[in-house]
Amino acid sequence: MMVMEYANGGSLRNYLEKNFIRLTCDDKLNMAYQLAYAVSCLHNEGIIHRDLHSGNILVHQNTIKLADFGLSKRIGESSNFQSKLFGMVPYVDPKSFSRRRNNNNQMYTLNEKSDVYSVGVLLWEISSGKLPFYAENEHYDVGLIYDISQGHRETVVPDTPEEYVKIYTKCWDGEPDNRPTIYQVVDLLKAIITKKDIIMENPQLSNKHKLNEIPLSTNNSELQGDLSQLIQNFNKMNTKEIDNITVSSEQEKLLNEKDFNSIVDEIINLIYKLYDKGIEWKLIKEQVIVYFNNYNTNSQEIYNWLSNNQNNSNSIFLLGYFNFYGIETSENNEKAFKLFINASEKDHILAQSFVGECYQYGYGTKKNEKLAFEYYEKVANINFTYGQLKIGHYYVNGIGIEKDLKKAFYWSEKAANNGNIKAKHNLGDCYLSGNGVKKDYNKAFKMFKQSAEGEYSYSNGITMLGYCYVYGIGTKVDKEKAFELYQKSANLGNKVAQYNLGTMYENGDGITKDIDKAIYWYEKSAKQGNQNAQNRLQKKSTIHKMKSLFFK
């Protein structure tokens, strides 16, 4: 049994709600300084918190105290599963959302700079008194994860000292290497309080250093003592003890708050919502994993449970989903297809959609376009936009059915009106090319814009919006705007945008001519199979060889 000291101010979140109107600028600065100093003490001992948010930072007699690792989850007020899970999202290092591997083929793991990111968000929260991205009667969802991953941050609170704003905006930079160390944050906050100027060093050149000054607040000596005791106790534990505490804490959380069946139901709802919106499958897969991790339930635990609990259509489908995408197991399309068929026979809409996809591409079964169409049509008729999108694609290309551009337009419009961002892009194509409808460049532009700039954005929609600005389709020619859009889509991995960006750099079209950057983007696009990019690189290689021979 572990006894924790009573904190009369509650969590930082509760403290700000009750006391913010009475806090002076100096109070907020001191609180920010205490927080940064507390985290620096952990880092100085080689400890990373990894879970900093205003719900597990405590306030006692106006002094900040860091709650122990993992234990703070029991302190917060009760809330429903969805809000509690996503409540942590604004504080989490967005680099961890991507699940991408580094040059050493290692997944990005939370580190000291991740704590710095969380501190940046907390500094903003202290200055505002509000939860980040808070909207009344609305919960955080996967759309916020996507937005933050794309660089979206909170708005600066008016009248906040400029030096303070610079600190937290540096802290929440999307690239960890650009963030300051926690020691620099401490120094910079102290500089504001003591009116001394400190120039931020290059964060990549600054190493961990020992703190040699006494904190400003008289209560910080108590804070330092508490942290020293915490660190000593932490260091006395062996790895096995720490692992046991972590495992038991997570198991208790699962048993007390939500059982696996409910977790599976929640994740099925999430997948359905994202497919319905037209989100690309790679991002959906990433968010499924993030969803589990944020709930302290890793995907391996879920996979193991699913393997032994195939008692309803949701668990059957999700096990198929894990096998289809190789989550915690080797990719196995044959097994996935059988599970999808099983769940689809129980009228599971997502399973029926995936059966259609398996037949369309021959995943785990023999390719059969006619059967694929039938499954897509089944879910389209019950208003699932993913099926409507697919039906429109089949009619426009005459796949497994007679080509019919009017029906293609009908289904694309239906899915677009239901909010599917891919369908909005396809509808824009219909208006641009006159497929199944009279050409209308203004409507084409409108659809591409909605696909690119809504709650979620589609890379092809962003690319086509850029195309409209290049050629003045439904809008005025604006090469700078086109470049910005191509750049955004190219960074999302869109091979057409990467090629278009290359041509703009090669020709100096709306931007300074830069052959090296042109080649860079051509190579990116060519690696994804873009034939035009491959041809451009081949042509440049031939010209380079001819010049070498000529000037030899």
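Figure 1. At 53% relative accessibility, N269 counts as exposed, because exposed means over 50%. In this predicted model, N269 belongs to helix α10, which runs over residues 260-277. The view pairs N269 with L350. These two residues are 81 residues apart in sequence. In space, the C-alpha atoms of N269 and L350 are 9.9 Å apart.

**Figure 2. The protein chain as a whole.** The chain has 552 residues, and 48% of them count as buried. Its secondary structure includes 25 helices and two strands. How many contacts join residues at least 24 apart, among those between residues at least 6 apart in sequence? The share is 61%.

Figure 3. Helix α7 covers residues 182-194 and has 13 residues. At 1.5 Å a residue, α7 should span 18 Å. Is α7 largely enclosed or largely open? Of its 13 residues, 10 are buried, so α7 is largely enclosed by the rest of the structure. The buried residues are I182, Y183, Q184, V185, V186, L188, L189, K190, A191 and I192. They pack against three helices: α2 (25-44), α4 (112-128) and α6 (162-171).

**Figure 4. Helix α14 and the helices that cover it.** Helix α14 spans residues 333-344, a run of 12 residues. From first C-alpha to last, α14 reaches 16 Å. That is close to the 16 Å expected at 1.5 Å a residue. Which residues of α14 are buried? They are N333, A336, F337, L339, F340, I341, A343 and S344. Their cover includes α13 (313-325), α15 (349-361) and α16 (369-380). Now look at the start of α14. There, a side-chain oxygen of N332 comes to within 3.3 Å of the backbone nitrogen of E334.

**Figure 5. The largest cavity.** Rolling a probe the size of a water molecule over the atoms shows where empty space is left. A search of the whole structure turns up one cavity of 30 Å³ or more. The largest cavity has a volume of about 60 Å³. Which residues line the largest cavity? The lining is made of P90, Y117, V121, P132, F133, I148, H152, R153, E154 and W172. Sorted by class, this lining has seven nonpolar, one polar and two charged residues.

**Figure 6. T155 and D159 in the loop between α5 and α6.** T155 lies in the loop between α5 (142-149) and α6. D159 has its place in the loop between α5 and α6 as well. Are these residues buried or exposed? T155 is exposed, with a relative accessible area of 60%. D159 is exposed too, with a relative accessible area of 82%. The backbone at D159 deserves a look. Phi of D159 is near 70 degrees, a positive value in a residue other than glycine.

**Figure 7. N383 in the loop between α16 and α17.** N383 sits in the loop between α16 and α17 (385-397). Its relative accessible area is 40%, so N383 is partly exposed. What is phi of N383? It is near 75 degrees, a positive value in a residue other than glycine.

**Figure 8. D429 on helix α19.** D429 is found in helix α19, residues 421-433. With a relative accessible area of 26%, D429 is partly exposed. What is D429 in contact with, leaving aside its neighbours within four places in sequence? The contacts are G434, F448 and M464. D429 is also shown with M447. The two are 18 residues apart in sequence and 8.6 Å apart in space, C-alpha to C-alpha.

**Figure 9. S457 in the loop between α20 and α21.** The loop that holds S457 runs between α20 (441-453) and α21 (459-471). S457 has 11% relative accessibility, so it counts as buried. Neighbours within four places in sequence are left aside in the next list. S457 is then in contact with Y146, I421, S451, A452 and I462.

Definitions and conventions: Residues are numbered from 1 along each chain as its sequence is written. This is a predicted model: local features need pLDDT of at least 70, side-chain atom pairs count only at pLDDT 80 or more; totals for chains, interfaces and linings use all residues. Side-chain values use heavy atoms; hydrogens and water are left out. On a 1 Å grid over the protein atoms alone, a cavity is a set of points where a 1.4 Å probe fits but cannot get out, and a pocket is an open set with protein on both sides within 12 Å along at least five of seven lines; lining residues have an atom within 4 Å of a point. Grid points are joined across faces, edges and corners, and a volume is the space filled by probe spheres set on the points. Ala, Val, Leu, Ile, Met, Phe, Trp, Tyr, Cys and Pro count as nonpolar, Asp, Glu, Lys and Arg as charged, and the others, Gly among them, as polar. Helices (H or I, at least four residues) and strands (E, at least two) are DSSP runs, numbered from the N terminus. The expected span of a helix is 1.5 Å times one less than its number of residues. Buried means under 20% relative accessible area, exposed over 50%, partly exposed in between (1.4 Å probe, protein chains only). Contact means heavy atoms within 4.5 Å. A polar contact is a pair of N or O atoms within 3.5 Å; within protein, one must be able to donate a hydrogen and the other to accept it, and residues adjacent in sequence count only if both atoms are side-chain atoms.
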